[in-house]
Amino acid sequence: MKVIDLGAGNSVLNTYMAELRDKNYQQSRALFRRNLTRIGQVMAYELSRTLTYSEKSVETPLATKRVSTYDDHIVIGTVLRAGLAFHEGFLSVFDRADNGFVAAYREEGSAENMKIHLDYMAAPDLSDSTLILVDPMLATGGSIELAYQAFLQAGTPSTLHLCVAIAAPEGIAHLQAAFPSDNVTLWTAAIDERLNEQAYIVPGLGDAGDLSFGEKL
Ligand code: PRP
Ligand code: URA
């Protein structure tokens, strides 16, 4: 698996990330979701450079212009609930993409015995697709790996992009072992220090699902 850390260089992406993490900005759920959406848009744009392109003719009112556009069948796979605002960013860039959804949530626990529940999956045919699997938080790596396993019921994509806003080193190591192939890329906007005892990312941002939509029981 290749790892691309878009936050390693200077860009406006890090301004969105700073707001996303800041507990004062987090008072506004609307702004939190908006920043996740903007981070998704930037990541989608960067990812678009890696797609397969071919030239086509476009008829303008005046003449014909040859333009390179991508040919990939893109499916955006999203892990509910925290993935929703992030998904919106990707879908606004790849506006003709098909979409799949998986619902997953972690039971409270430590990184070693974290139980992940997965109870809903809906996806188009993924055979030969470019699957962009989006979830803002990569902590232990269990949720995104389980989500991918669930999506495989709908076919095997030819290319897999795993997209997160913040990755913990533990989650990256987990995915390196689960996806040894070079055909898989992990895109992240930041790599943080570690997981705490409750398997939250430190410094991280807190609970992305709760900050987007409110606390769950
Ligand atoms: C968050 C996040 C990921 C998961 C990451 O979801 O959206 O899906 O945690 O953790 P992992 O890498 O250890 O699996 P959460 O379980 O908090 O559910 P929510 O989106 O409903 O809040
Ligand atoms: N899920 C979150 O929302 N935050 C973390 O730090 C880890 C998992």
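## Strand β2 and Glu-59

Strands here are DSSP runs of E, at least two residues long, and they are numbered from the N terminus. By that rule, Glu-59 belongs to strand β2, which covers residues 53-59. The model is predicted.

Glu-59 is exposed, because its relative accessible area is 60% and exposed means over 50%. Now take Glu-59 together with Ser-48. The two are eleven residues apart in sequence. In space, their C-alpha atoms are 24 Å apart.

## Aromatic pairs

How many aromatic pairs does the structure hold? There are four aromatic pairs. One of them joins Phe-86 and Phe-90 in an edge-to-face arrangement. The ring centres are 5.2 Å apart, with 90° between the planes. Both residues lie in helix α3, residues 83-93. They are four residues apart, about one turn of the helix. In general, an α-helix has 3.6 residues a turn, so residues three or four places apart point the same way.

## Cluster and charge over a ring

Tyr-53, Tyr-70 and Phe-94 make up one aromatic cluster. Another ring, that of Tyr-200, has a charge over it. The charged end of Arg-106 sits there, 5.4 Å from the ring centre.

## Helices α4 and α5

How do α4 and α5 run relative to each other, and what is the crossing angle? Their axes come within 9 Å and cross at roughly 30°. Angles under 35 degrees count as roughly parallel, and α4 and α5 are therefore roughly parallel to each other.

Which residues meet across this contact? On the α4 side they are Gly-142, Ile-144 and Glu-145. On the α5 side they are His-174, Leu-175 and Ala-178. By class, the contact of α4 with α5 has three nonpolar residues, two polar and one charged.

Helix α4 is mostly covered, with seven of its ten residues buried. The buried residues are Gly-142, Ser-143, Ile-144, Ala-147, Tyr-148, Ala-150 and Phe-151.

Ala-173 counts as partly exposed because its relative accessibility is 46%. Ala-173 and Gly-209 are 36 residues apart in sequence. Their C-alpha atoms are 23 Å apart in space.

## Cis peptide bonds

The peptide bond from Leu-80 to Arg-81 is cis, with omega near 5°. Arg-81 sits in the loop between β4 (74-80) and α3. Helix α3 is also where Phe-86 and Phe-90 lie.

A cis peptide bond also runs from Val-202 to Pro-203. Its omega is near -5°. Pro-203 lies in the loop between β13 (201-202) and α6 (208-213).

Asp-128 is not a glycine, yet it has a positive phi of about 60°. Where is Asp-128 placed? It lies in the loop between β6 (116-122) and β7 (130-134). Asp-128 counts as exposed, because its relative accessibility is 64%.

Ala-199 has a positive phi of about 65° and is not a glycine either. The loop between β12 (194-195) and β13 holds Ala-199. Is Ala-199 buried or exposed? Ala-199 is buried, because its relative accessible area is 0%.

Notes: Residues are numbered from 1 along each chain as its sequence is written. Chains are lettered from A and ligands numbered from 1 in the order in which they are written. This is a predicted model: local features need pLDDT of at least 70, side-chain atom pairs count only at pLDDT 80 or more; totals for chains, interfaces and linings use all residues. Side-chain values use heavy atoms; hydrogens and water are left out. Rings of Phe, Tyr and Trp (its six-membered ring) pair if their centres lie within 6.5 Å; planes under 30 degrees apart count as stacked, over 60 as edge-to-face and the rest as tilted. A charge sits over a ring if NZ of Lys or CZ of Arg is within 6 Å of the ring centre and within 35 degrees of the ring normal. Axes are lines fitted to C-alpha atoms, for helices over the stretch in contact, and angles run from 0 to 180 degrees between N-to-C directions. Angles under 35 degrees count as roughly parallel, over 145 as roughly antiparallel, 65 to 115 as roughly perpendicular and the rest as oblique. Contact means heavy atoms within 4.5 Å. Ala, Val, Leu, Ile, Met, Phe, Trp, Tyr, Cys and Pro count as nonpolar, Asp, Glu, Lys and Arg as charged, and the others, Gly among them, as polar. Buried means under 20% relative accessible area, exposed over 50%, partly exposed in between (1.4 Å probe, protein chains only).
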